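Good morning, and thank you for coming. Please take a moment to look at the sequence and the structure on the screen before we go through them together.

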Amino acid sequence: MRDNKFMEFYNTITADKELEEEFKNIYLRHNKKGTPMNKVSRETFEDLVPLCSRCGFDITAEEAAEFFSVDEMELSENELDSVAGGKGDVYVYY
């Protein structure tokens with residue numbers, strides 16, 4: 001099961017254009033565009049910690065990396081339904 005604390009953080013930054021842009025810049029600083037989050041550099045997660053803190057979330061680099069780990073990338077039933085039926089939220093990958 002994914003960490004709800006990080007999911008709340010992610011929902012917070014995607015709801016704010018400036019925070020989302022900062023997240024994107026951190027991602028692109030250390031990774032090629034299109035790199036899956038479960039394959040990003042360790043530095044990416046370390047650079048996310050201050051952003052998490054500014055947004056009011058106490059999240060470590062390890063917790064962020066764990067959230068995106070390969071074992072955690074399985075789709076939930078709701079996500080599977082969205083993919084299979086073509087409905088639901090749209091996910092944007094940088």
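This is a predicted model: local features need pLDDT of at least 70, side-chain atom pairs count only at pLDDT 80 or more; totals for chains, interfaces and linings use all residues.

We shall return to its surroundings in a moment.

First, the overall picture. The protein chain has five helices and zero strands. Read from the N terminus, its elements follow the order α-α-α-α-α. The chain has 94 residues, and 28% of them are buried. Its accessible surface comes to about 6500 Å², and carbon and sulfur atoms hold 50% of that surface. Now consider the contacts in the chain with a separation of 6 or more: 52% of these are between residues 24 or more positions apart.

Next, the helices. Two packed helices are described by the angle between their axes and the distance between the axes. Helix α1 covers residues 4–14, and its axis comes within 6 Å of the axis of α2, with a crossing angle of roughly 115 degrees. The two helices, α1 and α2, are therefore roughly perpendicular to each other. On the α1 side, the residues that meet α2 are Y10, T12, I13 and T14; on the α2 side, they are L19, E20 and F23. Sorted by class, this contact has four nonpolar, two polar and one charged residues.

The second pair is α2 and α3. Helix α2 spans residues 17–30 and helix α3 spans residues 42–54. Their axes lie 8 Å apart, at an angle of about 160 degrees. The crossing of α2 past α3 is right-handed. From α2, the residues in this contact are L19, E22, F23, I26, Y27, R29 and H30, and they meet E43, T44, D47, L48, L51 and R54 of α3. By class, the contact of α2 with α3 includes six nonpolar, two polar and five charged residues.

L48 belongs to helix α3, and its relative accessible area is 1%, so L48 is buried. Setting aside neighbours within four places in sequence, L48 is in contact with F6, F23 and I26. L48 and E22 are 26 residues apart in sequence, while their C-alpha atoms are 9.4 Å apart in space.

Finally, let us turn to the loop between α2 and α3, where S41 is found. The relative accessibility of S41 is 18%, and since the cut-off is under 20%, S41 counts as buried. Leaving aside neighbours within four places in sequence, S41 is in contact with H30 and N31.

That concludes the presentation. Thank you for your attention.

Conventions
Residues are numbered from 1 along each chain as its sequence is written. Side-chain values use heavy atoms; hydrogens and water are left out. Helices (H or I, at least four residues) and strands (E, at least two) are DSSP runs, numbered from the N terminus. Buried means under 20% relative accessible area, exposed over 50%, partly exposed in between (1.4 Å probe, protein chains only). Contact means heavy atoms within 4.5 Å. Accessible areas come from the Shrake-Rupley method with a 1.4 Å probe; for residues, only the protein chains shown count as cover. Axes are lines fitted to C-alpha atoms, for helices over the stretch in contact, and angles run from 0 to 180 degrees between N-to-C directions. A crossing is left-handed if the near helix is turned anticlockwise from the far one by less than a right angle, and right-handed if clockwise. Ala, Val, Leu, Ile, Met, Phe, Trp, Tyr, Cys and Pro count as nonpolar, Asp, Glu, Lys and Arg as charged, and the others, Gly among them, as polar. Angles under 35 degrees count as roughly parallel, over 145 as roughly antiparallel, 65 to 115 as roughly perpendicular and the rest as oblique.
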